[in-house]
Amino acid sequence: MLIYFTIFAILSFTAFRESNNPKPLSINSFIFLTILFTFFIGLRYEIGCDWESFKWFFDFSNCTYDNSCSISPGGIQKVKSQGIGYRLLTLIIKTFGGSFYSLNFVSSLLFVIPLLKFCANLSRPHLAILISYPYLITVIGLGTIRQSIAIAFLLLCIDQLKKYQFLNFYILNFFSILFHYSSSIFLFLPFLIDLKKRGNLKLFRLFLYVVFLIFIVLVIFSENNYFKYQLDLYVGYNTIPIASPLLIWTMIAIPSAIIILNYKFFKDFDTNKFWRNYSIIGILMIFPIFINKVIALRLLLYFLPIKIYCLSKLPELLIYKISPKNLYLSIIFFSFLILTIWFNFANHSYC
């Protein structure tokens, strides 16, 4: 466990150094952090509750393409549910003689680089990386391989959406969907941005409404589609403690409330009101928890960017009249608390 807190100490030190003089993330820092996190995540061994499952998927990944192995129809369906992108990446690795560990290493790059790119675009990048570490990197990055990649691509999508680069947004969202189909709900993320100052995009908004209706119809009336299959799995596996999604919701709801209640400070940095609207949805995510805890847990992970954005902005906004150094110390302590509590009290901390 020493390695987890050693990395946390390094990130805390580099973050605190920028408390009074934030600078863009240098290329050397970017390369160093890429190597650090790629080795940290990509070279893990039997870490993550899904380790055995992903190992099994790797061993039987070619069963849907040839007759080289014999598994049950249910097993084939499980392989198919891994997402086209992840299956294709697995086959490429196997074609070149790579192992399951090679796959993990390459997958970690697909998670780490977009995450660091997102943090680098924020005004206090080292603080943003520190905020990402206790849960997004340590738990999601080390555990949920496919969804961690999907979340990382969502971070890039958010950057493109802020620039009204819709073509780039959908290209990146397409890659996100390839790795985890649940991210397809973010095809409609442009609904959250304010287009009043962009009159030429009204036709795009209308097109999006039509696509949304078609999507809903296909999901409801299509036979044997992935969403129904996955929904059946989640309904049958709705046995996790309610504390798990509630804890993640709390991590999202607190920064969301800070943005909404102090929006006069944030609005200059949120010209298309994306973060305000995303925060409102994040708070409303309390309701799905009481319908299906597993589905809510999966979806809540996509709202973790709110925490990174909000907390990394606080030192420069001076909302609560706390000096930047004291805010940095508070965030470092808060992050340390999350890391410590998760390791000692989480249901899956043994993983």
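Is Phe-100 buried or exposed? Phe-100 is buried, at a relative accessible area of 2% (buried means under 20%, exposed over 50%, partly exposed in between, with a 1.4 Å probe and protein chains only). Please keep in mind that this is a predicted model, where local features need pLDDT of at least 70, side-chain atom pairs count only at pLDDT 80 or more, and totals for chains, interfaces and linings use all residues. Residues are numbered from 1 along each chain as its sequence is written, and side-chain values use heavy atoms, leaving out hydrogens and water.

**View 1. Phe-40 and Tyr-133 form a tilted aromatic pair.** Their ring centres are 6.2 Å apart and their planes lie at 35° (rings of Phe, Tyr and Trp, the last by its six-membered ring, pair if their centres lie within 6.5 Å; planes under 30 degrees apart are stacked, over 60 edge-to-face, the rest tilted). Both residues are buried. They also belong to one aromatic cluster, whose members include Phe-5, Phe-37 and Trp-342.

View 2. Tyr-101 is partly exposed, at 35% relative accessibility.

**View 3. Two lysines sit over phenylalanine rings.** The charged end of Lys-94 is 5.1 Å from the ring centre of Phe-58, and Lys-313 lies over the face of Phe-269 at 3.9 Å from the ring centre. A charge counts as over a ring if NZ of Lys or CZ of Arg is within 6 Å of the ring centre and within 35 degrees of the ring normal.
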